[in-house]
Amino acid sequence: MNALATVVPTPPAASGSAAAAAKGALVAADLARDFPILSRPVRGRRLVYLDNGATTQKPEAVIEAERRFYRESNANIHRGVHWLSQHATDLYEQARERVRRLLNAASADEIVFTRGTTEAINLVAYSWGRANLKAGDEVVLTGMEHHSNIVPWQLVCEQTGAVLKVVPITDRGELRLDAYESLLGPRTRLVSVVHVSNALGTVNPVARMVELAHAAGAKVLVDGAQAVAHQPVDVQALGCDFYALSGHKLYGPTGIGALYGRRELLAAMPPWQGGGDMIRTVSFEGSTWADAPQRFEAGTPNIAGAVALGAAIDYVMAIGLDRIAEHEHRLLAHATEAAQRIPGLRLIGTAAEKAGILSFVVDGIHPHDLGTILDAEGVAIRAGHHCAMPVMTRFGIPGTARASFALYNDEADVAALVAAIGKAQQMFGGARR
Ligand code: PLP
């Protein structure tokens with residue numbers, strides 16, 4: 001499809017500061033200006049937004065793409081004979097091509113739009129899982145999975161009689177690869193692993209894990225929710241069979257995400273939801289299915305969301321994901337050093353390979369109290385189990401405070417975080433010794 005450049009208007013931010021940033025070093029404060037919400041004060045203070053692991057803020061280019069879709073292009077897709085419907089269909093399919101490009105998938109037919117990572121994993125569990133798992137088969141997960149990569153497998157294992165195996169993690173928050181290898185065997189059907197842990201920041205050695213799984217005859221799903229906005233991802237280089245992502249963690253809208261699935265696997269998978277758009281023919285005697293990816297996109301999808309996700313992908317690709325990764329690594333190293341100088345603060349997750357996530361506990365202050373005090377200072381972090389309860393159990397803690405970085409964060413945000421933690425310690429009776 002070559003209409004990409006002509007039909008889709010160039011997102012304003014990608015042609016402005018993002019493009020400028022691509023020419024030199026990434027300047028977070030310049031890029032922050034692309035994000036309208038970052039200039040609003042919160043509780044009378046400058047907003048220091050460090051909850052990017054939960055969701056990222058949206059650049060003007062994404063907000064404008066969604067608004068523009070509804071103002072200029074809105075119609076239902078695929079079934080229409082009129083111009084506007086064909087135009088909306090083009091935009092939707094061009095967004096699919098952008099996801100393909102982001103992941104370097106071989107074909108846009110390998111990209112299924114979903115509501116997000118959770119739905120992408122459920123799709124694989126209910127379609128591939130129910131068709132391929134039987135009693136005694138094994139599904140290998142890791143001890144650092146988000147609940148959305150645990151519960152769907154528990155549900156499908158209950159239905160099929162397959163069993164879950166869990167790769168343990170070390171005190172630093174790394175996977176025990178020796179244990180992983182010994183868990184793999186002739187009964188392993190699937191390995192489902194998080195690329196970047198939202199609770200620990202660990203970047204897992206996914207390519208190596210795929211190699212080992214494939215050698216054992218198993219398929220591999222990678223949960224990329226925390227990876228795609230922070231580093232280049234190449235599903236062909238990783239060799240994985242499925243890759244799941246959420247648009248809202250990638251500077252795009254909520255309610256849109258995608259599943260990459262290898263062509264031959266998607267082709268063999270049965271539908272998991274029925275409805276319009278996923279069929280070839282319907283009669284009361286029986287129905288036949290559309291090819292992938294439409295087979296897995298029953299009903300009217302989030303068309304505007306997909307188009308705006310496409311704009312988000314243009315935005316990060318114009319900056320360069322390698323540049324974003326470099327910036328966030330530098331910031332993480334700076335924040336880690338600063339945090340280690342705070343008496344009574346313990347980092348949870350100190351893996352050698354980490355993305356921009358700083359999880360920690362502070363002596364004598366519950367993470368929720370810490371989060372509330374930081375909020376009063378205008379510093380937005382997350383506190384709790386981060387939907388990764390097994391990680392908290394592993395470390396014997398109720399939860400952590402978590403600062404998670406994005407391309408618009410810089411040293412000033414880290415300084416605000418550190419100052420606010422100091423204030424919390426003073427309030428809690430001078431835990432700072
Ligand atoms: N996997 C990981 C590692 C996550 O961090 C999250 C969300 O925080 C999810 C999956 C679920 O993503 P979503 O709620 O967008 O489906």
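**Close-up views of a predicted model**

**View 1. Alanine 338 lies in helix α14.** In this predicted model, local features need pLDDT of at least 70 and side-chain atom pairs count only at pLDDT 80 or more, while totals for chains, interfaces and linings use all residues. Residues are numbered from 1 along each chain as its sequence is written, and side-chain values use heavy atoms, with hydrogens and water left out. Alanine 338 counts as buried because its relative accessible area is 9% (buried is under 20%, exposed over 50%, partly exposed in between, with a 1.4 Å probe and protein chains only). Apart from neighbours within four places in sequence, alanine 338 is in contact with Val414 and Val418 (contact: heavy atoms within 4.5 Å). Leucine 38 is 300 residues from alanine 338 in sequence, and their C-alpha atoms are 24 Å apart in space.

View 2. The buried residues of α14 are Leu321, Ile324, Ala325, His327, Glu328, Leu331, Leu332, Ala335, Thr336, Ala338 and Ala339. Among the elements that cover these buried residues are the helices α4 (28–32), α6 (83–103), α13 (303–319) and α17 (411–427). The strands β13 (345–347) and β14 (357–362) also belong to this cover.

**View 3. Glutamate 326 and arginine 330 form a salt bridge.** The closest N and O atoms of this pair are 3.6 Å apart (a salt bridge is a side-chain nitrogen of Lys or Arg within 4 Å of a carboxyl oxygen of Asp or Glu). Because the two residues are 4 residues apart in helix α14, about one helical turn separates them. Arginine 330 is partly exposed, with a relative accessible area of 49%. Elsewhere, salt bridges that share partners join Arg45, Glu377 and Lys423 into one network. The structure as a whole holds 24 salt bridges.

**View 4. Arginine 68 and glutamate 72 meet through their side chains in a salt bridge.** The N to O distance is 3.4 Å. Both residues belong to helix α5 (residues 60–73), where a separation of 4 residues places them about one helical turn apart. Arginine 68 is partly exposed at 30% relative accessibility, and glutamate 72 is partly exposed at 49%.

**View 5. Lysine 134 and aspartate 137 form a salt bridge.** Their closest N and O atoms are 3.4 Å apart. Aspartate 137 counts as buried, with 3% relative accessibility, whereas lysine 134 is partly exposed at 49%.

**View 6. Glutamate 110 sits in the loop between α6 and β4 (111–114).** This glutamate is buried, with a relative accessible area of 6%. Leaving aside neighbours within four places in sequence, glutamate 110 is in contact with Ala105, Leu259, Tyr260, Gly261, Arg262, Arg263 and Leu266. Glutamine 154 stands 44 residues from glutamate 110 in sequence and 26 Å from it in space, C-alpha to C-alpha.

**View 7. The largest pocket has a volume of about 400 Å³.** Its lining comprises 24 residues, of which Ala54, His146, His248, Lys249 and Cys387 are the closest to its centre. On a 1 Å grid over the protein atoms alone, a pocket is an open set of points with protein on both sides within 12 Å along at least five of seven lines, a cavity is a set where a 1.4 Å probe fits but cannot get out, and lining residues have an atom within 4 Å of a point. Points are joined across faces, edges and corners, and a volume is the space filled by probe spheres set on them. Helix α7 (117–132) and strand β16 (382–384) each supply at least two residues of the pocket lining. That lining divides into 5 nonpolar, 13 polar and 6 charged residues (nonpolar: Ala, Val, Leu, Ile, Met, Phe, Trp, Tyr, Cys and Pro; charged: Asp, Glu, Lys and Arg; polar: the others, Gly among them).

**View 8. The largest cavity has a volume of about 50 Å³.** Gly53, Val196, Gln226, His230, Glu328, Ala355, Gly356, Ile357, Ser404 and Phe405 line this cavity. By class, they are 4 nonpolar, 5 polar and 1 charged. The model has 3 cavities of 30 Å³ or more.

**View 9. The second largest cavity holds about 50 Å³ of space.** Its lining consists of His230, Gln231, Ala325, Glu328, His329, Ala355 and Gly356. These residues divide into 2 nonpolar, 4 polar and 1 charged.
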